[in-house]
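Hi,

Here is the structure I promised to pass on to you. Have a look at it first, and then read my notes below.

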Amino acid sequence: MRQKRRNFMKDYSILFVLLAEIIIFSLMSSRFFTMGNLSNVLRQVSFTMIAALGEALVLLTAGMDLSIGAQITFVNVVTAYMMVKMGFSPMLAALLGIALTTLIGFLIGFIITKTNIPPMIATLAMMGILQGIAYIVSEGRSIYGFPKSFSVIGQGKIGGILPIPVMIMVVCLILVWLLMNKTYVGRYFFAIGGNEKAAVLSGIHVNRYKRVVYTISGFFAGLAGILLLSRLSSGTPLTGDGYEIDIITAVVLGGVSISGGRARISNIVTGVLIIGVLENGFVLVGVGEYPQMVVKGMILLASVIFDCTQRNKLDVSS
């Protein structure tokens, strides 16, 4: 009976945290629990959620991508430049932007698997490179003046109710869930993260699938960056600043182990919602950006400590 209670708390504790947040902010601000604000929360978390799906797959295979915020910045600025300065159509510019971040993701995976550079170092270096390129392309200024049609995907609603980014997020969630749970590729991801040596011995081409997850992560980062560009109607070299912290915090909070081998889509969704609700609630009650950074850092630290503690318990019991 005691073990069942422990398992119940372990599986649903993150959901209780989200519910507690909603109740607390509803009591602190009359504007929080309204249809308009809840719709706004969903729209805001959709960008983080899409990018978090790629990061989750990377972490699932015991990798790490610190460049995901810089990839969002890169695609944001480059796509804006192609539309405004080069006269590309919104569709072509968006597709090229996503293709570039997908290629960047593949390049990161290729470098890591070919040189055995720790993922943290490789992606940290890529973060600096992409941020530098974004500043060079934009000359440190915002790029704006897009065709009005481009704003639809980031600002529009289906039936006047469902924001388009939310619909895209749902489609991405379904696709990643199917990939993780219904394909042999997803099983390989779990196997690689759980025990890479055993995966190699079982005949899995580990390096190939590591490159696949970084490529997928690049694609989702590009998609999130395009949606953000459409939402903000301005390409700026500051767009993705801090996004990597939000994304990694949400993913780890959602139970994806930093050591690999463990992930669940439903928990990832809850983790992203916790961060989104926290940001929205803090804004409504007047908490500034810097205290928010402190809280997010504490949440990330607590999540990693919990993950490591659980991993150590499993190692001891085995």
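Leaving aside its neighbours within four places in sequence, G235 is in contact (heavy atoms within 4.5 Å) with N76, V77, A80, R141, S142, I143, F146 and L229. G235 sits in the loop between helix 10 and helix 11; helices here are DSSP runs (H or I, at least four residues), numbered from the N terminus. G235 counts as buried because its relative accessibility is 0%. For this term, buried means under 20% relative accessible area, exposed means over 50%, and partly exposed is in between, with a 1.4 Å probe and protein chains only.

Before you go further, please keep in mind that this is a predicted model, in which local features need pLDDT of at least 70 and side-chain atom pairs count only at pLDDT 80 or more, while totals for chains, interfaces and linings use all residues. Residues are numbered from 1 along each chain as its sequence is written, and side-chain values use heavy atoms, with hydrogens and water left out.

S233 lies in the loop between helix 10 and helix 11. Its phi is near 55°, a positive value in a residue other than glycine. Most residues other than glycine have a negative phi. S233 is partly exposed, with a relative accessible area of 32%.

Next comes helix 11 (243-253), which is mostly covered, with nine of its eleven residues buried. One of the buried residues is T249, at 1% relative accessibility. Not counting residues up to four places away in sequence, T249 touches I275, K296, I299 and L300. Just after helix 11, G255 takes a positive phi of about 90°.

Now for helix 5, residues 119-138. From its first C-alpha to its last, this helix of 20 residues reaches 28 Å, close to the 28 Å expected at 1.5 Å a residue; the expected span is 1.5 Å times one less than the number of residues. Which residues of helix 5 are buried? They are A122, T123, M126, M127, L130, A134 and S138. Seen down the axis of helix 5, its buried residues fall within an arc of 140°, so they line one face of the helix. That arc is taken from the directions from the helix axis to the C-beta atoms. Their cover includes helix 3 (68-84), helix 4 (90-115), helix 10 and helix 11.

Just after helix 5 comes E139, with a positive phi of about 60° although E139 is not a glycine. E139 is in the loop between helix 5 and helix 6 (152-155) and is exposed, with a relative accessible area of 56%.

Finally, there is the largest pocket, which holds about 820 Å³ of space. A pocket is an open set of points on a 1 Å grid over the protein atoms alone where a 1.4 Å probe fits, with protein on both sides within 12 Å along at least five of seven lines; lining residues have an atom within 4 Å of a point. The volume is the space filled by probe spheres set on the points, which are joined across faces, edges and corners. Of the 24 lining residues, Y243, D246, E279, Q292 and K296 are the closest to the centre of the pocket. Helix 12 gives the most to the lining, with six residues.

Enjoy exploring!

How values were computed: Helices (H or I, at least four residues) and strands (E, at least two) are DSSP runs, numbered from the N terminus.
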